[in-house]
Amino acid sequence: MGDTVLIDHPAHGVTRLTLNRPDDMNTINLELVTDMHEALDAVDADHDCRAVILTGAGRAFCAGLDLKGYGVVPGTEEFGHAQRGFAVQQHIAEVVHRIRGVRQPVIAAINGAAAGGGLAWALACDIRYCADTAKFGTAFIRLGISGCDMGVSWLLPRLIGASRAWELILTGRVFDAEEADRLGIVSRTVPADELVDRCMGVADEIRGNSPFGTWMTKEVLWANLEIPSLTAGMDIENRNQIMTSLTDDSKEAMQSFLAKRPVAWKNR
């Protein structure tokens, strides 16, 4: 693991990933993306981890692509310009899939600027809170490229509706924490000095639920963004409900509820 993504455990069962290029506003380069892949792999393999907080060091969450240069994806050094560029594009965009794919809910603690790829990574998280000083922008179109990048054109309309999303993407304008809250991009805006505590509180609530039930819930919530009908969505829900109800943890939860005692989750 490199040093551009820091991993710590602020509470039992909670992993915090901190983007750590503060002097460059945590902009995205090859090292940062490689470290993000490795960090998310480590999270997914950690069965003691129940919730993840993603944040940034310094005054930014992530200000998008490092315009000073990204780097060359290993193994593509002899490729043509278009081929090398496409490898870079996939390398960055795959982080969105990894955030969505880990078993644990990921909470974005947006402590500052979230622009371009930084906004995309925030949108890929399951829950978002932001500091009242945070700023947002899709940014891509202002760099002379398509405004549709890294899943933003898929994620943002599903969060706030097509009309509002298209206005933000087509203009590339910067908007503040209050507007992000009003549009529904974040669950809530909080004072900057309360952001960590807010996210830790949510992580603790998640940690109090069944590990397997949480995993299956996250999978269904994301899957149902892509499913074209109510019937198909309910079919997945029905199967997951029965599958999770047959676990030892479900039986323990029922007994604990009746006995009015805390649940001792065993992930079995």
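Author: Buried means under 20% relative accessible area, exposed means over 50%, and partly exposed lies in between (1.4 Å probe, protein chains only). This is a predicted model, where local features need pLDDT of at least 70, side-chain atom pairs count only at pLDDT 80 or more, and totals for chains, interfaces and linings use all residues. Residues are numbered from 1 along each chain as its sequence is written, and side-chain values use heavy atoms, with hydrogens and water left out.

Reader: Why is Arg261 called partly exposed?

Author: Its relative accessibility is 36%.

Reader: What makes the contact of Arg261 with Glu252 a salt bridge?

Author: A salt bridge needs a side-chain nitrogen of Lys or Arg within 4 Å of a carboxyl oxygen of Asp or Glu. The closest N and O atoms of Arg261 and Glu252 are 2.7 Å apart, so the pair qualifies.

Reader: Is Glu252 buried or exposed?

Author: Glu252 has 17% relative accessibility, so it counts as buried. Elsewhere, salt bridges with shared partners join Glu167, Arg173, Glu178, Glu179 and Arg182 into one network.

Reader: Why is Lys68 called exposed, and why is Asp66 called buried?

Author: Lys68 has 65% relative accessibility, so it is exposed. Asp66 has 6%, so it is buried.

Reader: How many salt bridges does the rule give?

Author: The count comes to 15.
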